[in-house]
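Visitor: Hi, I have a new structure to look at. Can you walk me through it?

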Amino acid sequence: DALYGILFGGVLFIIAFCCRKLLGKEIMGSGDVKLLCVIGAFCGLRGAVFALVAGSLLGTLIGTPIMLAKGKDTNYAIPFGPFLSLGALMFMFFGDRFVYAFLAYISGRSI
């Protein structure tokens, strides 16, 4: 499972590299990809995916008010590493609860 988590980070590295070459701008830093590889090594594939999704959600919920308060547009760079780390911590402490609640929600069953 740890190897799959590392491979997930590797796939994201390839995607980020291709987007950087095609679009001419960085969509995800190489440090973030390396951090996600380490998260995948320790938490497995489920942990890496959970950290990416939770980090993206937290980054959006926290970053949007920061951009609005500073009067910046969507090109304002906010570090993604702290949100990935917080997503990994959430998975380590409450991951199964979040995953099972989400799966129950999308399947229409009660928890």
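**A walk through the chain**

Guide: Let's start with a leucine. Leu58 touches Gly63, Phe83, Leu86 and Met90, not counting residues up to four places away in sequence. Bear in mind that this is a predicted model.

Visitor: Where is Leu58 found?

Guide: Leu58 is in helix α2.

Visitor: And is Leu58 buried or exposed?

Guide: Leu58 is buried, because its relative accessibility is 18% and the cut-off for buried is under 20%.

Visitor: How far apart are the C-alpha atoms of Leu58 and Gly87?

Guide: They are separated by 8.0 Å. Along the chain, Leu58 and Gly87 are 29 residues apart.

Visitor: Let's zoom out. How many helices and strands are there?

Guide: The chain has three helices and zero strands. Along the sequence, the pattern reads α-α-α.

Visitor: What size of box do the C-alpha atoms fill?

Guide: Roughly 40 × 35 × 25 Å, along the principal axes.

Visitor: What share of the residues is buried?

Guide: 32% of the 111 residues count as buried. The accessible surface of the chain is about 7600 Å². Carbon and sulfur atoms hold 71% of that surface.

Visitor: Now the inside. How many residues has the largest nonpolar core?

Guide: The largest nonpolar core has 20 residues. Among those with the most contacts inside it are Phe8, Met28, Leu36 and Phe80.

Visitor: Which elements give two or more residues to this core?

Guide: They are α1 (2-23), α2 (30-70) and α3 (81-107). The largest share comes from α2, with 10 residues.

Visitor: You named Phe80. Which residues is Phe80 in contact with?

Guide: Leaving aside neighbours within four places in sequence, Phe80 contacts Met28, Asp32, Leu52, Gly55 and Ser56.

Visitor: On to the rings. How many aromatic pairs are there?

Guide: The count comes to five aromatic pairs. In one of them, Phe50 and Phe98 have ring centres 5.8 Å apart and planes at 25°, so the pair is stacked.

Visitor: Which helices do Phe50 and Phe98 sit in?

Guide: Phe50 is in helix α2 and Phe98 is in helix α3. The two are 48 residues apart, and the pair links distant parts of the chain.

Visitor: How accessible are Phe50 and Phe98?

Guide: Phe50 is buried, at 15% relative accessibility. Phe98 is partly exposed, at 36%.

Visitor: And the pair Phe93 and Phe94: at what angle are the planes?

Guide: Their planes are at 55° and the ring centres lie 6.4 Å apart, so this pair is tilted. Phe93 counts as exposed, at 59% relative accessibility. Phe94 counts as partly exposed, at 42%.

Visitor: Which residues do ring pairs link into a cluster?

Guide: Phe50, Phe91, Phe93, Phe94 and Phe98.

Visitor: What about Phe17?

Guide: Phe17 is in helix α1. At 39% relative accessibility, Phe17 counts as partly exposed. The C-alpha atoms of Phe17 and Gly29 are separated by 9.3 Å.

Visitor: Last topic, charges. How many positive and negative side chains are there?

Guide: The chain has 9 positive and 5 negative side chains. The centres of the two sets lie 3 Å apart.

Key:
Residues are numbered from 1 along each chain as its sequence is written. This is a predicted model: local features need pLDDT of at least 70, side-chain atom pairs count only at pLDDT 80 or more; totals for chains, interfaces and linings use all residues. Side-chain values use heavy atoms; hydrogens and water are left out. Helices (H or I, at least four residues) and strands (E, at least two) are DSSP runs, numbered from the N terminus. Buried means under 20% relative accessible area, exposed over 50%, partly exposed in between (1.4 Å probe, protein chains only). Accessible areas come from the Shrake-Rupley method with a 1.4 Å probe; for residues, only the protein chains shown count as cover. Lys and Arg count as positive and Asp and Glu as negative; His and the chain ends are not counted. The place of a charge is taken as NZ of Lys, CZ of Arg, CG of Asp or CD of Glu. A nonpolar core is a set of buried Ala, Val, Leu, Ile, Met, Phe, Trp, Tyr and Cys residues joined through side-chain atoms within 4.5 Å. Contact means heavy atoms within 4.5 Å. Rings of Phe, Tyr and Trp (its six-membered ring) pair if their centres lie within 6.5 Å; planes under 30 degrees apart count as stacked, over 60 as edge-to-face and the rest as tilted.
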